Amino acid sequence: MHTGAAVGNTAAVPELRVEDVRLRFGGVVALDGPSFSIAPGTIMGLIGPNGAGKTTLFNCISRLYQPDSGRITFGDTNLLELPADGIAAAGIARTFQNIGLFPTMTVVENVLSGAYSRTRAGFVRTALGSPAARREERYERDEAWALLEAMNLAHVGLEPAGNLPYGTLKRVELARALMQRPKLLMLDEPANGLIHEEVLELAETVRDLRDERGFSVLLVEHHMAMVMSISDRIVVLNFGRKITEGDPAEVAAHPEVVEAYLGGAA
């Protein structure tokens with residue numbers, strides 16, 4: 001069980017605060033007022049049985065959904081006032097359950113695509129090939145290769161993504177998210193479809209990168225071994241409400257958590 005804190009610089013990492021968030025889809029209560037905060041540089045696991053509201057809350061934070069009420073702030077930024085395309089600029093990156101890589105592009109090109117949300121040159125100057133754009137592109141390419149080296153992916157950097165196995169693509173998607181230089185990394189079922197050894201490797205990679213870079217992590221995951229091994233704290237949802245929050249040992253022993261999982265699909 002991991003109980004350490006990030007050793008990277010977390011001074012510039014804001015706290016994420018979720019306060020009394022509520023959302024209905026028609027007559028169905030998807031979120032029933034969960035509240036929690038993620039301290040700078042920590043890993044927060046968000047768990048619960050199927051239908052508990054985890055992905056719904058995840059999508060509210062990343063602005064795919066607009067809650068009916070409540071507040072979600074990242075430092076001084078009210079995330080609910082931002083458009084979905086403003087989330088990256090706020091310092092938040094996310095992955096998705098279903099891989100969204102470009103199969104005909106190489107791995108390094110896919111990773112580089114994560115930098116476009118924050119580069120000064122942007123698409124137009126890059127397309128025009130201005131000197132500033134070329135310098136920035138070289139810098140970003142060097143960073144992408146360094147990230148691939150750190151994640152043991154450099155040997156497939158020039159391979160088209162479509163040629164690679166699923167477990168490798170999951171790590172490529174993580175590398176692309178990290179190219180945004182996030183202060184908060186949101187991981188949506190990153191272990192989905194991975195074999196046991198790949199899950200352990202991914203967990204170690206996430207923890208090591210967090211320790212090195214100091215960002216915070218919000219992890220939605222059904223793979224309990226991964227959640228328990230890397231989370232500093234865990235929030236448990238069931239039927240859209242928070243039933244408990246604590247460190248992994250506290251959560252694992254909580255009666256409502258045991259009941260929720262024994263009675264649920266998980």
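**View 1. The largest cavity has a volume of about 60 Å³.** The model is predicted: local features need pLDDT of at least 70, side-chain atom pairs count only at pLDDT 80 or more, and totals for linings use all residues. Residues are numbered from 1 along each chain, and side-chain values use heavy atoms, without hydrogens or water. The structure holds one cavity of 30 Å³ or more. A cavity is a set of points on a 1 Å grid over the protein atoms alone where a 1.4 Å probe fits but cannot get out. Its volume is the space filled by probe spheres set on the points.

**View 2. Residues from α5 and β8 line the largest cavity.** Lining residues have an atom within 4 Å of a point. Among them are Lys170, Glu173, Leu187 and Asp188. α5 gives the most, with three residues. Helices (H or I, at least four residues) and strands (E, at least two) are DSSP runs. The lining divides into five nonpolar, one polar and four charged residues.

**View 3. Phe25 and Tyr65 form an edge-to-face pair.** The structure holds one aromatic pair. Ring centres are 5.5 Å apart and planes at 75°; a pair needs centres within 6.5 Å, and edge-to-face needs planes over 60 degrees apart. Phe25 lies in β1 and Tyr65 in the loop between α1 and β5, so the pair ties together parts 40 residues apart in sequence. Phe25 is partly exposed at 41% relative accessible area, as is Tyr65 at 31% (partly exposed: between 20% and 50%, 1.4 Å probe, protein chains only).

**View 4. Arg94 lies over the face of Phe96.** The distance from the ring centre is 4.0 Å. The criterion is CZ of Arg within 6 Å of the ring centre and within 35 degrees of the ring normal.

Methods
On a 1 Å grid over the protein atoms alone, a cavity is a set of points where a 1.4 Å probe fits but cannot get out, and a pocket is an open set with protein on both sides within 12 Å along at least five of seven lines; lining residues have an atom within 4 Å of a point. Ala, Val, Leu, Ile, Met, Phe, Trp, Tyr, Cys and Pro count as nonpolar, Asp, Glu, Lys and Arg as charged, and the others, Gly among them, as polar. Rings of Phe, Tyr and Trp (its six-membered ring) pair if their centres lie within 6.5 Å; planes under 30 degrees apart count as stacked, over 60 as edge-to-face and the rest as tilted.
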